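Please look over the sequence and the model shown here before reading the notes.

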Amino acid sequence: MIGRWRVLALGLLVGAAACPVPTDESAQVIEPETLPEALRPAASSTTTTTPPPEAELETVFLLGPRPDSDQRSTVGVERALEPGATPEDILRTLFGRGGEVPVVTEEEDALGYINTLDDFTLHSVDVDDDAVAVVDISLVDTVTGEASEETIGRDLLVDVAAQIVWTATEIDGIDRVLISRDGVGLSLPTRDASGDGGDAGADEPVGREDYERYDVGFEFPPTTTTAPTTASTSAPTATAGG
């Protein structure tokens, strides 16, 4: 019995010697496509990360002091917005209610810049085919946070209009502006080169020329004062008696 197992083992060894394993010289490359799917190497996967878009700087206008007049002038400041910002996106950076960042930075505040739109909200900005932007706003009650029906004073309204007009007309495609309050058009006081340009009707678009005195480069005419005149009296002439 033991001799039979020895013969079988010897036969297996002889058979293995007759079928040698191929050497490197006779090995062939097997294309992955010819292998069964389960035996194919895993395909390498790459992950592409899209970088965030670069911010674009847009110019909006605050009001700042000027040395030659008590009236303030418009001053351009830059705000970083996502590419493709709409006119509404740009103007919204001026409105304090609901804003994500302070409208006036610490540096701007130190320079005396102010924003007259802090207590307003912006509803919409619609630009028509004539390059006129209709800007709809609300005055906000600072206590309740709701829309207020309080009358907007003339001095405040002219500052508000100047800021909106200068900012809106800085945007490509906008030449003039109409301002409405809760959907109702506003008659706007103006400050052109002559001083008080009167009021523009609710359906009369205004442009920068209507607020020329807000231009930081505007030269105010010198104020002239007339010295008061005093009546001169002469001493009576003495006459010799006869």
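The briefing below goes from the chain as a whole to its sheet, its core and a few single residues.

The model is predicted, and the chain averages a pLDDT of 80, with 67% of the residues scoring at least 70. The chain contains four helices and eight strands, which follow one another from the N terminus in the order α-β-β-α-α-β-β-α-β-β-β-β.

**Confidence and overall make-up**

- Among the elements of the chain, the lowest mean pLDDT, 46, belongs to helix H1 (residues 2–18), whereas the highest, 98, belongs to S5.
- Over residues 5–14 the pLDDT stays under 50, and the model has zero contacts beyond four places in sequence for this stretch.
- Residues 238–242 are likewise a stretch where pLDDT stays under 50 and where the model shows zero contacts beyond four places in sequence.
- Of the 242 residues in the chain, 30% are buried.
- Among the contacts in the chain with a separation of 6 or more, 56% are between residues 24 or more positions apart.

**The S1–S2 hairpin**

- S1 and S2 form a hairpin with two residues between them, and the two strands pair in the antiparallel sense over 10 bridges.
- Within this pairing, Glu 56 stands opposite Leu 81 in S2.
- Thr 74 has its place in strand S2 and is buried, its relative accessible area being 4%.
- Not counting residues up to four places away in sequence, Thr 74 touches Phe 61, Leu 62, Leu 63, Ala 162, Trp 166, Tyr 214, Asp 215 and Val 216.

**The four-stranded sheet**

- Four strands, in the order S3-S4-S5-S6, make up an open sheet whose pairing is mixed.
- S3 and S6 stand at the edges with a single partner strand each, so one side of each of them is left without a neighbour in the sheet.
- H4 packs on the sheet and touches S3, S4 and S5, and the direction of H4 makes about 135° with that of S5.
- S3 and S4 run antiparallel and are joined by seven bridges; Val 125 stands opposite Val 135 in S4, and Val 127 stands opposite Ala 133 in S4.
- These two strands, S3 and S4, form a hairpin with four residues between them, and the turn includes Ala 131.

**Helix H4**

- H4 has 15 residues and spans 21 Å from its first C-alpha to its last, which is close to the 21 Å expected at 1.5 Å a residue.

**The largest nonpolar core**

- The largest nonpolar core has 41 residues, of which Val 135, Ile 137, Ile 164 and Tyr 211 touch the most other members.
- At least two residues of this core are supplied by each of strand S1 (56–66), strand S2 (69–81), helix H2 (87–92), S3, S4, helix H4 (154–168) and S5.
- H4 contributes the largest share of this core, namely nine residues.
- Leaving aside neighbours within four places in sequence, Val 135 is in contact with Leu 91, Leu 122, Ser 124, Val 125, Ile 164, Val 177, Leu 178, Ile 179 and Ser 180.

**Residues with positive phi**

- Ala 131, although not a glycine, has a positive phi of about 65°, and its place is in the loop between strand S3 (120–127) and strand S4 (132–139).
- Ala 131 counts as buried because its relative accessibility is 13%, which is under the 20% limit used here.
- Asp 182, again a residue other than glycine, has a positive phi near 55° and lies in the loop between strand S5 (176–181) and strand S6 (184–185).
- Asp 182 is partly exposed, because its relative accessible area of 42% falls between the 20% and 50% limits.

How values were computed:
Residues numbered from 1 in each chain as written. Predicted model: local features only at pLDDT ≥ 70, side-chain atom pairs only at ≥ 80, totals over all residues. Heavy atoms only, no water. Buried < 20%, exposed > 50% of the residue type's maximum accessible area, 1.4 Å probe, protein only. Core = buried A, V, L, I, M, F, W, Y, C linked by side-chain atoms within 4.5 Å. Contact = heavy atoms within 4.5 Å. Pairing = 2+ DSSP bridges. Axes fitted to C-alpha atoms, helices over the stretch in contact; angles between N-to-C directions. Expected span 1.5 Å × (residues − 1). pLDDT = per-residue confidence, 0-100.
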